[in-house]
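Please keep the sequence and the coordinates in view while reading.

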Amino acid sequence: VGGGPGGMATAVYAAERGHRVTLIEREAELGGRFRFASTLFPGNQTYLDYLLGRIGELEIDVRLGEAASEATVRELAPEAVVVATGGRLECPAVAGDDGERVVTGAAVIELLERVRAAAGSGGDGGTAAVPVGERVAIVGGNLIGVELAEHLARLGRRVSVLEPGRRFAMPAGKKRRGDHSGRLDAAGVSVNTRVEVKAIIDEGAVIAAAGGPERVVAADSVIVVGQPVADEGAAEPFASVAPDVYSVGDVGGFGLSQKAVREAIEVAYRI
């Protein structure tokens, strides 16, 4: 259940081991949020292409545009269910985050897809494709926020990243954070760490460093990306459907795609 890298990898490795596999994905295409990351990193795209190719070659029953439920999964009479539906995106509450120029919550996922499509098309990323204005402030410098900043900068936006912690692009390792830093610098993206976002106003985001004065980061739009967290209840609907129920990927806690694939291999060999 779930067509991100964890779900796809589990399906491939389980099918290669001789299991009869059904892969259910609620969206119209496979890949999940990995599609967004693949736009930026050729290595990710290579692996995504590999998974898609293997799924096409193997006898895997792929069901797109279908939301899995206890009833629909029970009809399959599975001996094992693997839940790889991704984590929940929790966005921090900020004064003024209900404004018309603020993107937060579920709207962030929709924006990620728009940015991915615009960046991948090679077009100019006009406001019709990504309607965020020319100046964008991103609240949250985790890996999602940083990748989004790079994509928007590629589309010609002037971007500022606002991160309360001392590090950005987490949970990436030191080398990958360095690669991000180089690209952000080259794209003219302003990265502000150890800052608190006090409020979102019509002019942009009001921030302050520890003990420092408040100032406004000018922005036409403010995006509060939040942090993916474990979706602890995602597997519960399937607890009585099969003898064994496993969780793979961000549904059990945010991590890189390597985490999801490692867990997929472990589960495929455990079944």
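The largest pocket is lined by 49 residues, and Arg33, Thr85, Gly86, Gly87 and Asp250 are the ones nearest its centre. Here a pocket is an open set of points on a 1 Å grid over the protein atoms alone, where a 1.4 Å probe fits, with protein on both sides within 12 Å along at least five of seven lines; lining residues have an atom within 4 Å of a point. Two or more lining residues come from each of helix 1 (5-16), strand 1 (21-25), helix 2 (34-40), strand 4 (88-90), helix 5 (106-121), helix 6 (143-154) and helix 8 (257-270). Helices (H or I, at least four residues) and strands (E, at least two) are DSSP runs, numbered from the N terminus. The model is predicted, so local features need pLDDT of at least 70 and side-chain atom pairs count only at pLDDT 80 or more, whereas totals for chains, interfaces and linings use all residues. Residues are numbered from 1 along each chain as its sequence is written, and side-chain values use heavy atoms, with hydrogens and water left out.

The volume of the largest pocket is about 1,100 Å³, a volume being the space filled by probe spheres set on the grid points, which are joined across faces, edges and corners. Its lining comprises 24 nonpolar, 15 polar and 10 charged residues. In this classification Ala, Val, Leu, Ile, Met, Phe, Trp, Tyr, Cys and Pro count as nonpolar, Asp, Glu, Lys and Arg as charged, and the others, Gly among them, as polar.

The second largest pocket holds about 620 Å³ of space. It has 24 lining residues, with Arg20, Val21, Thr22, Pro78 and Ala80 closest to its centre. At least two residues of this lining are supplied by each of helix 1, strand 1, strand 2 (60-64) and strand 3 (80-83). By class, the lining residues are 15 nonpolar, 5 polar and 4 charged.

Five strands form an open sheet with parallel pairing, in the order 5-12-6-7-8; two strands pair if DSSP finds at least two bridges between them. Strand 5 (102-103) and strand 8 (190-193) stand at the edges with a single partner strand each, so one side of each has no neighbour in the sheet. Strand 5 pairs with strand 12 (residues 221-224) over 2 bridges, and Val102 has Val222 as its bridge partner in strand 12. Helix 6 lies across strand 6 (135-139), strand 7 (158-163) and strand 12, at about 170° to strand 6. Such angles run from 0 to 180 degrees between N-to-C directions, with axes fitted to C-alpha atoms, for helices over the stretch in contact.

A further open sheet has 3 strands in the order 9-10-11, with antiparallel pairing. Its edge strands are strand 9 (195-201) and strand 11 (214-218), each pairing on one side only. Strand 9 and strand 10 (residues 204-209) are joined over 6 bridges, and Ala199 has Val206 as its bridge partner in strand 10.

Gly133 lies in the loop between helix 5 and strand 6. Beyond its neighbours within four places in sequence, Gly133 is in contact (heavy atoms within 4.5 Å) with Arg157, Asp220 and Ser221.

In total, the protein has 8 helices and 14 strands. Its C-alpha atoms fill a box of roughly 60 × 35 × 35 Å along the principal axes.
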